[in-house]
Amino acid sequence: METVTSGLSAVDYAIFGVYVLVIIGVGLAVSRKNKASTEGYFLAGKSLPWWAVGASLIAANISAEQFIGMSGSGFSIGLGIASYEWMAAITLILVGKFFLPIFIDKGIYTIPEFVEKRYNRTLKTILAVFWICLYIFVNLTSVLYLGGLALETILGIPMMYSIVGLAIFALVYSVYGGLSAVVWTDVIQVAVLVFGGLATTIMAVSFIGGDGGFFAGMGTLVDRAPDHFDMILDQSNPQYMNLPGIAVLIGGLWVANLYYWGFNQYIIQRTFASKSTQEAQKGLVFAGYLKLLIPFLVVIPGIAAFVIINDPALLNQLGSAAANYMPSLEHADRAYPWLTQFLPAGIKGLVFAALAAAIVSSLASMLNSTATIFTLDIYHEYIDKNASDLKLVNVGRLTAIVSLVIAIFMAPMLGAIDQAFQFIQEYTGLVSPGILAVFMCGLFLKKTTTFGATVGVLSSIPIALLLKFLPLNMPFLDQMMYTFILTVAIILFVSLSTSDVDDDPKAIQLTKATFATSNGFKIGSYGILIICAVIYAKFW
């Protein structure tokens, strides 16, 4: 495999070295207080302020799948892929207002624990196993692969060595210190990835703009690649199957976003660790504003790479190095690593640190949540009900190590994938519609029974596979939408036909006070909605 000549200077290595030392040092320092209790290790002692919650949400979310995968989709598709980010900002508002107050009121540690409170232990266990398998075989594996790809491309380090190095880095502080170590280092990491991402965007676009600078470069991007600035694709677009037109706004993308931000343990766990419900809600709004920024860090560089490689004059300015590992529609995920070779000394070290921050923070979050679910919902429930706090913490650490070892061996198998971001969304989409249906019915439909929810979630994967492999030529986001609708229909049909009572005895009792929010949350939410409306009006 070709690799981009790294050209890392002593300054670059120094910047990266300082970053590594700071992250490990902070992670170990904040671990001392909470590392020996289950609440301390798995929920950071329930002491997180709003700004730490918001920063950690984004650090957990942004990884190599965005920097490498989404940038590759920006190269192939364009700004349309940014809908995953901008609609996520709106989703965070919905989660903060309608889901989070119920979860925090129940005092839960894990999402499967809520399932037990609303349904029963059997369904909790089914979903816990779903999540553990998804985190190990899709999430951890894909983050390690894309991170390894980035290091192999930029530095020429063989893929397997890169994967193992990233894994060890994440283990050093996160396994020892638990969620406290993860969250407080995330605050640093999100700052690094924002500054590093902005540096790449500004320099790539300014290079295209020439003497006119950044703003001239943005104008050139729109002029040279107008199709890459369409937010809503029509059926004639070759990327329609990935982003199926108006269905992106009213269909399956809502399924993906509501599942990911509302019922995904390694994301929502940060809010469970906040000081209060209002503090968690403010953190979600803060994360929403950061989400509005993300496409400028990862999608615009992909579009810039597309414009550069299709302009002989710009390529000539880059010299012979431009031929190294050049991205193409068949190898779109090369776009971001390819751009990094042209950054000046110092900036390249910062960008490399940003990539590492994105990768390692997500790895640490996934490891902590995998350990939390296995330890509290499987081990403590079925193997040792009387385990001490210290034993549970040690089981959590061992679980994280075993999960990471499995993912290390699985990661290189993803090497044949073109747009890894799309792969992750598609295969997560096999399980997310059924899980979302179980939660939405459980939260808001009082007649939903445990038997109905169990039949529904077990039916959802066969339904998803049927829609995927039948010759329907259906975009996977539409598959997710129809799987969700059919699963809800099954849950309701089974619930209504097998129950003699009006409401399920475990139904959630909701009142107007349940969804009360502060004025600050409302004002912040309105701001996000207005910004999103302006963006879609501009690039429709």
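Rings of Phe, Tyr and Trp, with the six-membered ring taken for Trp, form a pair if their centres lie within 6.5 Å. In this predicted model, that rule gives a count of 17 aromatic pairs. One of them joins Phe263 and Phe439: the ring centres are 4.5 Å apart and the planes meet at 20°, so the pair is stacked, the cut-off for stacking being under 30 degrees.

Phe439, at 2% relative accessibility, counts as buried. The two rings are also members of one aromatic cluster, formed by Phe99, Phe103, Phe114, Trp131, Phe263, Phe272, Phe439 and Phe444.

Aromatic rings also take part in contacts with charged side chains. The charged end of Lys97 sits over the ring of Phe98, at 5.8 Å from the ring centre. Lys468 is placed over the face of Phe469, with a distance of 5.6 Å to the centre of that ring.

Attention may now turn to helix H16. This helix comprises 37 residues (residues 347–383), and the span from its first C-alpha to its last is 51 Å, close to the 54 Å expected at 1.5 Å a residue. H16 has a kink of about 35°, centred on Thr375. The helix is mostly covered, with 31 of its 37 residues buried.

Notes:
Residues are numbered from 1 along each chain as its sequence is written. This is a predicted model: local features need pLDDT of at least 70, side-chain atom pairs count only at pLDDT 80 or more; totals for chains, interfaces and linings use all residues. Side-chain values use heavy atoms; hydrogens and water are left out. Rings of Phe, Tyr and Trp (its six-membered ring) pair if their centres lie within 6.5 Å; planes under 30 degrees apart count as stacked, over 60 as edge-to-face and the rest as tilted. Buried means under 20% relative accessible area, exposed over 50%, partly exposed in between (1.4 Å probe, protein chains only). A charge sits over a ring if NZ of Lys or CZ of Arg is within 6 Å of the ring centre and within 35 degrees of the ring normal. Helices (H or I, at least four residues) and strands (E, at least two) are DSSP runs, numbered from the N terminus. The expected span of a helix is 1.5 Å times one less than its number of residues. The bend at a residue is the angle between axes fitted to the seven residues ending there and the seven starting there.
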